[in-house]
Amino acid sequence: MWLKRIIASFFGIRKSSDLENDMKDISLGKFIFLFLIINCSFIFFVLLIINLIT
């Protein structure tokens, strides 16, 4: 649930104060998980675009 709230905050759907509250409650494990999810999704979109172009 916290992942959906953080992603929604990045897209501007929620208030910045809500994002601050979510970031205060984040642990190291959640931070690593969030980092991996963002990186994997970025790599996926780059590979998808490259495959669509070629």
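This passage describes the fold, the surface and two residues of a predicted protein model.

The protein chain is helical in its secondary structure, with three helices and zero strands. Along the sequence, the pattern reads α-α-α. Helix α1 spans residues 2-10. Helix α2 covers residues 16-24. Helix α3 runs over residues 28-53.

The mean pLDDT of the protein chain is 80. A score of at least 70 is reached by 78% of the residues. Among the elements, helix α3 has the highest mean pLDDT, at 90. Helix α1 has the lowest, at 70.

Burial and surface were computed next. The protein chain has 54 residues, and 11% of them count as buried. The accessible area of the chain is about 4,600 Å². Carbon and sulfur atoms supply 73% of this area.

A nonpolar patch lies on the surface. Its members are L28, F31, I32, F35 and L36. Together they have about 530 Å² of accessible area. One of them, F31, sits in helix α3. The relative accessible area of F31 is 48%. This value lies between the 20% and 50% cut-offs, so F31 counts as partly exposed.

E20 belongs to helix α2. Its relative accessibility is 48%.

Conventions
Residues are numbered from 1 along each chain as its sequence is written. This is a predicted model: local features need pLDDT of at least 70, side-chain atom pairs count only at pLDDT 80 or more; totals for chains, interfaces and linings use all residues. Side-chain values use heavy atoms; hydrogens and water are left out. pLDDT is the predictor's confidence in each residue, from 0 to 100. Helices (H or I, at least four residues) and strands (E, at least two) are DSSP runs, numbered from the N terminus. Patches are made of residues with over 30% relative accessible area and no salt bridge: like charges are joined within 9 Å, nonpolar side chains (Val, Leu, Ile, Met, Phe, Trp, Tyr) within 5 Å. Accessible areas come from the Shrake-Rupley method with a 1.4 Å probe; for residues, only the protein chains shown count as cover. A salt bridge is a side-chain nitrogen of Lys or Arg within 4 Å of a carboxyl oxygen of Asp or Glu. Buried means under 20% relative accessible area, exposed over 50%, partly exposed in between (1.4 Å probe, protein chains only).
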